[in-house]
Amino acid sequence: MNTQTQTTLEEAKHPIRLNGPARMLRTLLNGLYKGCGAIAALFLLVLLFIIIGQMVARWLGVQFPGSANYAGYCMAAASFFALAYTLNNNAHIRVTLFLSKMSGAARHLGDLWCLGIACFLSSYLAFYACKNVYISHMIHDISQGQDAMPLWIPQVPVAIGSVVFAIALLDHFIRTLLFKDDTFAEDHHVEGEEF
Amino acid sequence: MNEALATGIFVFTLFFLLGSGVWIGLALLGVAFVGMELFTTRPVGDAMITAIWSGSSGWSLTALPLFIWMGEILYRTRLSEDMFRGLAPWMSPLPGGLLHTNVVGSTIFAAVSGSSAATLTTVGKMSIPELTKRGYPEFMIFGTLVGSATLGLMIPPSLTLIVYGVTINESISKLFMAGILPGITLAIMFMAYVAAWSYFKPHQVPPAEPKMSLGQRIKESRFLIPVILLIGVVIGSIYTGTATATESAAFGVVGAMTLAIFQGSLTKATFIQSLMGATRTSCMIALILAGAAFLALAMGFTGLPSLAAEFIAGLELSPLTLILALMVFYIILGCFLDGISSVVLTMAVVEPMVRQAGIDLLWFGIFIVVVVEMAQITPPIGFNLFVLQGMTKKSIGYIARCAFPMFLIMIVMVGILITFPELATYLPENMRQRPG
């Protein structure tokens with residue numbers, strides 16, 4: 001995204017020229033991942049406010065029914081919305097003991113294997129997360145807690161997050177297959193990363 | 001299909017997916033998927049999403065992102081400079097001198113952050129150059145730093161303990177309390193090691209620092225005192241039952257932000273960085289926990305946990321032998337996996353065994369954390385070693401040698417924990433607790 005006709009694949013070391021629709025798609029996808037990360041962060045902020053609200057309510061002797069459930073929903077929403085964003089920052093952990101010893105074609109195959117499996121599993125998860133929303137809505141599943149929330153509502157973020165995660169993995173799979181993808185290189189680390 | 005073959009395929013899938021480098025959370029999901037397909041005729045996908053939904057939206061998990069966030073905020077303040085300046089005047093009269101700042105600094109930072117990598121960078125950023133400048137031997141600087149940074153895993157708030165508590169449905173507040181005394185004991189043992197070094201190798205000890213009056217000392221540590229107060233409030237509120245673990249975490253976030261505002265280090269940029277850092281780290285752990293929730297369900301169908309429990313019961317091991325066997329097992333596992341992953345991966349099988357043997361699960365949580373800590377400083381996959389390697393550009397082998405004495409101290413710690421289980425169980429039994 002540095003010039004008008006040229007874009008880099010995230011922070012890839014070898015910029016690849018993308019033109020026309022491909023470039024638009026790239027911009028759109030990167031925006032999608034970052035946007036979902038931002039939404040996840042907002043959910044964490046809401047989570048903090050809910051907990052503070054719960055404490056304040058208790059000190060004032062007021063009821064805040066279902067606060068624990070709402071906090072749980074925020075946690076789930078934040079976790080799933082952030083999946084793709086976390087992946088792009090190389091913050092999901094994996095065992096690289098053997099992978100890092102490989103190079104060249106073997107390494108390429110290893111990367112494709114991991115991404116392929118991950119694509120399958122995340123799509124499977126995304127499919128059932130969506131189906132879950134549909135079923136909860138259909139059978140009018142209501143939370144057992146004090147909040148009495150129709151469960152499909154907090155399950156929507158989980159479904160969206162899983163779908164975006166599956167898209168992101170497919171994106172990386174295609175990029176690894178066709179070009180070169182530096183996102184998961186060992187030296188690609190984000191400052192301040194905890195693990 | 002025959003049971004043994006199915007079990008074989010299941011275990012092979014586990015090792016293969018994890019070993020080949022599939023992201024751990026997804027690998028656990030895949031293993032559970034294979035297990036369910038092999039052992040049940042139930043609709044797998046629906047069972048999966050039910051397990052994952054209830055595992056990901058639980059109340060007890062909400063403490064995790066908040067404690068991570070608190071650490072992220074303090075990590076971006078001037079804490080590491082303040083830590084060294086504030087501790088140095090108090091530590092220099094002790095035998096072994098300023099090396100104690102590594103141990104005490106790590107203990108303090110461990111009490112605001114749940115991660116040992118963050119503890120290591122925050123304390124080391126300042127203490128490595130300062131101690132080197134004063135002529136302390138590298139071997140001791142690196143060793144004490146890398147060893148005592150592991151306290152981050154044990155002293156509350158500890159991410160590993162939150163994950164353990166969520167996995168086995170144990171109260172996180174109680175687990176936190178259980179970690180305090182063993183954590184302090186371990187810190188004291190590290191300090192004793194430093195003191196012993198200065199006694200046996202007096203020629204390596206650099207000259208003493210100029211003496212300071214009490215007033216001067218307090219003045220130097222004026223920035224550190226608010227942090228210690230914050231720790232006191234966070235841990236104290238859990239112990240007295242004023243707040244649940246999550247509430248104390250929220251308190252910690254607000255307190256950390258207030259501190260950062262007063263220091264002038266909370267800008268829009270650092271706020272966003274800390275929040276996004278917390279989002280990433282908690283998402284990373286949440287994915288592992290989601291996979292683990294499904295794996296726990298699948299494990300139940302495979303019958304492996306009850307099989308393992310019966311096998312252990314059949315051996316008629318003493319609890320002590322079982323504990324020692326598990327210690328070796330976890331150290332080996334820790335050569336390939338990080339602490340949180342090894343806990344979630346194994347608890348479905350280990351929990352019934354431990355219950356069968358009549359071992360207290362609070363105590364076991366602390367035990368497992370100490371063992372996982374050891375794995376952090378042993379090659380080939382010791383996360384703390386990597387972090388220190390990144391900071392100092394020394395070889396992993398050298399850093400691991402520096403850390404080896406600390407590894408031995410931790411083995412002694414396991415011995416102490418086995419001999420005096422009250423060290424872990426006294427505080428949780430005597431705390432007042434709010435339900436939930």
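Biologist: Leaving aside its neighbours within four places in sequence, which residues is B:Asp338 in contact with?

Modeller: This is a predicted model. In it, B:Asp338 is in contact with A:Ile93, B:Ile24 and B:Phe383, once neighbours within four places in sequence are left aside.

Biologist: Where in chain B is B:Asp338 found?

Modeller: B:Asp338 is in the loop that runs between α16 (319-333) and α17 of chain B.

Biologist: What is the nearest side chain of opposite charge to B:Asp338, and how far away is it?

Modeller: A:Arg94, at 12 Å. A salt bridge needs the nitrogen and the carboxyl oxygen within 4 Å. B:Asp338 has no salt bridge, yet is buried.

Biologist: Which side chain makes a polar contact with the side chain of B:Asp338?

Modeller: That of B:Ser341, at 2.6 Å. The side chain of B:Asp338 also reaches a backbone atom, the nitrogen of B:Ile340, at 3.3 Å.

Biologist: Now the interface. What is the area buried between chain B and chain A?

Modeller: The size of an interface is often given as the accessible area lost when the parts come together. Here chain B and chain A bury about 5700 Å² between them, and carbon and sulfur atoms give 76% of that area. On the chain B side, B:Trp23, B:Trp53 and B:Arg280 lose the most area to chain A, together 16% of what that side buries.

Biologist: How many residues does the contact take from each chain?

Modeller: Chain B gives 69 residues and chain A gives 63 residues.

Biologist: How many salt bridges and polar contacts cross the interface of chain B and chain A?

Modeller: The rule finds two salt bridges. It also finds nine residue pairs in polar contact, both residues at pLDDT 80 or more. Several helices of chain B give two or more residues to the side that touches chain A, among them α1 (3-19), α2 (24-39) and α14 (268-302). The most comes from α14(B), with 14 residues. By residue type, that side of chain B divides into 46 nonpolar, 16 polar and seven charged.

Biologist: Which residue forms a salt bridge with A:Lys131?

Modeller: B:Asp46 does, with the closest N and O atoms 3.2 Å apart.

Biologist: Last, B:Met191. Why does B:Met191 count as partly exposed?

Modeller: Because its relative accessibility is 21%, and buried means under 20%. B:Met191 lies in helix α10 (residues 172-200) of chain B. Leaving aside neighbours within four places in sequence, B:Met191 is in contact with B:Leu94, B:His100, B:Val103 and B:Val104.

Key. Residues are numbered from 1 along each chain as its sequence is written. Chains are lettered from A and ligands numbered from 1 in the order in which they are written. This is a predicted model: local features need pLDDT of at least 70, side-chain atom pairs count only at pLDDT 80 or more; totals for chains, interfaces and linings use all residues. Side-chain values use heavy atoms; hydrogens and water are left out. Contact means heavy atoms within 4.5 Å. Buried area is the accessible area (1.4 Å probe) that two parts lose on being put together, summed over both. A polar contact is a pair of N or O atoms within 3.5 Å; within protein, one must be able to donate a hydrogen and the other to accept it, and residues adjacent in sequence count only if both atoms are side-chain atoms. Helices (H or I, at least four residues) and strands (E, at least two) are DSSP runs, numbered from the N terminus. Ala, Val, Leu, Ile, Met, Phe, Trp, Tyr, Cys and Pro count as nonpolar, Asp, Glu, Lys and Arg as charged, and the others, Gly among them, as polar. Buried means under 20% relative accessible area, exposed over 50%, partly exposed in between (1.4 Å probe, protein chains only). Lys and Arg count as positive and Asp and Glu as negative; His and the chain ends are not counted.
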